[in-house]
Amino acid sequence: MLHISTLHYLVLGAALFILGVIGVLTRRNVVIVLMSIELILNAVNLNLVALSRYWQGMPVRMGGGPMALHGQVFAIFVITDAAAEAAVGLGILIAFFRNKETVNVDEVNLLKW
Amino acid sequence: MLFLEHIYLIPLQPAIGAAIMFFFGRKLTKRAVSGVCVGVVVIAFLMACGTVLEYNVWAAANHHQPYEKILYTWLGTDTGHLNYVTKGGAQAAFQADAGFLLDPLSSIWLLFVTGVGMLIHIYSIGYMAHEGGYYRFFGYLNLFMFSMLTLILANNYVLMFVGWEGVGLCSYLLIGFYFQRKSASDAANKAFIVNRIGDAGFILGMFFIAWLCGSLRFIDVNHFARAGSYSADTLRYITAATLLLFVGACGKSAQLPLYVWLPDAMEGPTPVSALIHAATMVTAGVYMVARSNALFVLAPTSMKTVAIVGALTAIFAASIGLVQNDIKRVLAYSTVSQLGYMFLALGVGAFAAGVFHVFTHAFFKALLFLGAGSVIHAMSGEQDMRNMGALRDRIPITYWTMLIATLAITGIPPFAGFFSKDEILWQTWTRESDAYRILWGIGYVTALMTAFYMFRLIYLTFYSKPRMSHEVEHHIHESPKSMTMPLVMLAVMSLFAGFLGWPHSLGGSDHFAHYLDPVFARGEARVLVEEGKAGQLAAGEKEEEHTSPTEYMLMLLSVAAAGIGWFMAGRSYENADRGYTEPIAAAAPPVYNVLLNKYYVDEGYDYVFTGRKKVGDVRLGVMGLGEASSWFDSHVVDGAVNAAGWITRLTATVSSWWDKWIIDGIGVNGPAILARMLSYPARLFEWGLVQWYALVMVAGIVGFVFYCVYH
């Protein structure tokens with residue numbers, strides 16, 4: 001059975017990140033854009049957790065060891081932050097929809113120039 | 001010594017009267033006004049008599065010094081602000097005291113000013129009884145008395161000048177007393193303005209004296225003048241100073257060429273003419289020159305000027321007087337003429353004779369004016385002699401008193417004028433130089449003219465045929481007692497005043513001149529020294545006695561002149577009826593017209609000095625100056641102002657244009673336009689699509705990462 005190494009996690013994270021970026025750049029619906037941002041954030045979370053777990057295999061004197069949980073803790077913070085950010089983004093979206101009756105991002109162009 | 005110690009109380013009396021009139025006069029009855037105003041002058045007269053008597057006693061014990069009483073210093077302080085350097089290089093303070101000086105000269109003036117003033121005040125009670133402004137009149141008269149007494153009693157030129165200006169002011173106020181009449185207010189202005197010219201001379205002369213002597217006190221000035229040797233330089237300045245003082249005297253005493261105000265001053269009430277414009281104020285110039293005699297004798301040029309101006313004025317005014325028809329104007333020109341005599345006397349160094357003539361003239365001229373006033377009163381205001389005649393039986397007191405005054409002024413012995421006028425002519429004759437004989441000739445002809453015009457007045461007024469209208473004739477009445485009493489008193493004085501100067505040649509002792517010796521004696525000595533005839537004073541005294549036959553002859557000649565004048569006037573006017581012809585008009589009409597029009601001097605002044613009339617298209621004189629100034633103002637000054645305004649506007653326009661187009665345009669808007677222009681391409685990048693921004697960001701990050709990894 002194939003051993004799932006850290007590299008696999010990183011490739012998965014990169015793929016997720018690219019998917020997120022493409023979603024952000026190409027989708028017109030703001031809700032989808034927000035979801036794509038969630039993808040990007042979770043790609044980062046995956047990286048953090050994968051690299052932190054890799055770090056746990058390092059000797060204690062180099063900062064590793066079973067208690068080196070910084071990456072996991074940071075991922076939890078990012079999740080929290082993503083939730084908050086999604087809430088704020090959806091709030092803005094609802095306020096915007098009340099004015100323009102649309103959720104298309106290409107119609108949000110009042111602040112140009 | 002009671003009066004002498006309190007000499008300042010004399011001028012204070014009329015000052016109190018004037019103050020009461022000023023504050024309460026309006027509320028007082030005529031009786032109260034007369035009581036106060038005449039009362040204070042009577043008191044002043046009595047005090048003057050007491051003062052002079054005391055002075056004479058005091059002087060006899062004090063080497064005939066002048067008596068000086070200084071109350072306080074009213075001008076100048078000891079702070080040094082008014083200090084100056086005299087010509088001699090000494091430090092001096094410009095200072096004047098409220099001080100009083102009594103010497104024989106001021107004693108004489110003091111006596112006749114208060115005496116004649118008192119009589120004229122009494123006369124005014126009757127004369128002004130029916131006039132409005134009664135209290136105003138008496139207030140002014142009292143103010144005049146105060147000023148005149150200040151002038152006389154001052155111990156320095158500055159205080160004298162205060163009195164001088166004070167009498168000028170009162171003269172102005174009283175000439176313009178009937179101010180509703182345009183001619184009266186014009187005459188008042190004329191008197192005031194002409195006097196200003198003289199006053200300017202007085203002030204300048206005063207400054208010269210202050211600069212030369214370092215003091216303006218008469219005693220110091222006399223001391224300086226009699227001290228001894230002077231440089232030619234100093235003598236030149238003394239000449240300048242005395243000439244300037246004489247300009248002042250010309251203004252106040254109505255000498256050529258400043259006499260024009262006096263005839264017009266007759267617009268005032270007659271008592272004013274008598275008091276101010278005949279007896280007292282107009283002699284102030286004589287007084288001032290006599291007071292400065294110590295300086296004048298150092299300046300032969302000034303003395304000659306005084307003598308010549310005096311003689312010319314005498315004959316000039318007398319010739320005008322020959323044909324005037326207004327009774328008061330005849331007397332006015334007579335006054336100018338007599339003042340000319342006085343200056344002639346001063347100019348030839350016969351100061352005592354000049355002062356003597358002032359003294360006698362005060363009585364008979366005041367009497368003539370008051371008599372004329374009485375005639376006018378009787379004639380219901382008529383002043384034109386052509387409409388009078390045959391009044392001698394209707395107003396006998398006026399007639400007799402005026403006749404005495406006329407005999408006095410024409411110089412018929414033994415009336416007062418004979419002694420004084422004869423003394424002047426005699427003194428002129430005895431001046432060594434032949435040139436003075438010409439002045440004597442002028443004086444002599446003037447005496448003839450005087451006799452003629454005075455008897456013309458008498459004949460036209462009191463003799464000849466009645467020429468007035470019936471209503472006027474019906475109203476003719478003798479004046480009230482208050483008016484005739486002063487006439488009689490003055491007539492008595494006109495008769496006897498001359499005896500004070502009874503000359504040696506007629507067996508008298510000339511008390512008057514000897515009384516004045518302390519003031520003038522050394523002055524007369526000096527003038528001879530200055531003319532290069534040292535030691536001639538003593539010789540002169542002897543000469544006087546040696547040449548007595550000449551003196552008698554001259555006396556006879558002047559009496560003859562008076563007689564001829566009388567005779568000619570009698571022949572011409574004795575039977576003058578309506579439409580009578582003037583002898584001069586019959587003989588030489590052009591001469592008559594010139595005389596009647598007063599030599600066209602007023603017109604000439606209008607052309608040359610006032611500019612009321614144009615010479616061709618040009619206006620000269622003050623109004624010409626005014627017009628020129630006005631033209632200068634409206635063209636040059638206003639032009640400059642407008643040019644300044646125009647330049648300001650131009651620069652403002654340019655500045656505004658600059659601000660709008662250069663500062664705002666290039667400086668402020670320029671960068672903005674530039675920025676906007678540059679912003680167009682930049683804007684193209686920011687076209688509003690959020691995802692485009694994100695794409696750029698991603699591209700940037702990707703580029704950055706590639707750079708970091710592969711560099």
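The model is predicted, so a local feature needs pLDDT of at least 70 and side-chain atom pairs count only at pLDDT 80 or more, while totals for chains, interfaces and linings use all residues. Residues are numbered from 1 along each chain as its sequence is written, and chains are lettered from A and ligands numbered from 1 in the order in which they are written.

I start with the place where the two chains meet. Chain A gives 9 residues to the contact and chain B gives 10. Two residues are in contact here if their C-beta atoms, placed from the backbone, lie within 7 Å. On the side of chain A that touches chain B there are 6 nonpolar residues, 1 polar and 2 charged. For these classes, Ala, Val, Leu, Ile, Met, Phe, Trp, Tyr, Cys and Pro are nonpolar, Asp, Glu, Lys and Arg are charged, and the others, Gly among them, are polar.

Next, two helix pairs in chain B. Helices are DSSP runs of H or I with at least four residues, numbered from the N terminus. Axes are lines fitted to C-alpha atoms over the stretch in contact, and angles between N-to-C directions run from 0 to 180 degrees.

Take α3(B), residues 30–61, and α5(B), residues 134–153: their axes are 9 Å apart, at an angle of about 10°. The two helices are therefore roughly parallel to each other, a label for angles under 35 degrees. From α3(B) the contact takes Lys30(B), Val33(B), Cys37(B), Val40(B), Val41(B) and Ala44(B). From α5(B) come Tyr134(B), Tyr135(B), Phe138(B), Leu141(B), Asn142(B) and Met145(B). By class, that contact has 10 nonpolar residues, 1 polar and 1 charged.

How do the axes of α14(B) and α15(B) cross? Helix α14(B), residues 300–321, and helix α15(B), residues 327–347, cross at roughly 160°, and their axes come within 7 Å. That makes α14(B) roughly antiparallel to α15(B), the label for angles over 145 degrees. Their contact divides into 18 nonpolar residues, 7 polar and 1 charged. The crossing is left-handed, meaning that the near helix is turned anticlockwise from the far one by less than a right angle.

A residue is buried if 20 or more other C-beta atoms lie within 10 Å of its own, exposed if 12 or fewer, and partly exposed in between.

Helix α19(B), residues 435–462, has 28 residues and reaches 41 Å from its first C-alpha to its last, close to the expected 40 Å. The expected span is 1.5 Å times one less than the number of residues. Of the 28 residues of α19(B), 21 are buried. Just after α19(B), Ser464(B) has a positive phi of about 55°.

Helix α18(B) has 15 residues and reaches 22 Å, close to the 21 Å expected. It is mostly covered, with 14 of its 15 residues buried. Ala416(B) lies in α18(B), which runs over residues 416–430. Is Ala416(B) buried or exposed? With 31 C-beta neighbours inside 10 Å, Ala416(B) counts as buried. Leaving out residues up to four places away in sequence, Ala416(B) touches several residues, including Thr360(B), Phe363(B), Ser494(B) and Gly498(B). Its C-alpha atom is 10.0 Å from that of Val492(B), 76 residues away along the chain.

Helix α21(B), residues 481–496, has 16 residues and reaches 22 Å, close to the 22 Å expected. Its buried residues include Met483(B), Leu487(B) and Ser494(B). The buried residues of α21(B) pack against α4, α16, α17 and α18 of chain B.

Last, some backbone details. Two cis peptide bonds come up in chain B. Leu256(B) and Pro257(B) are joined by one, with omega about -5°, and Pro257(B) lies in the loop between α9 and α10. Pro413(B) and Pro414(B) are joined by another, with omega about 5°, and Pro414(B) lies in the loop between α17 and α18.

There are also positive phi values outside glycine. In chain A, Glu101(A) has phi near 55° and sits in the segment after α3 of that chain, residues 70–100. Glu101(A) is exposed, with 8 other C-beta atoms within 10 Å. In chain B, Ala390(B) has a positive phi of about 60° and lies in the loop between α16 and α17. Ala390(B) is partly exposed, with 18 other C-beta atoms within 10 Å.

How values were computed. Angles under 35 degrees count as roughly parallel, over 145 as roughly antiparallel, 65 to 115 as roughly perpendicular and the rest as oblique.
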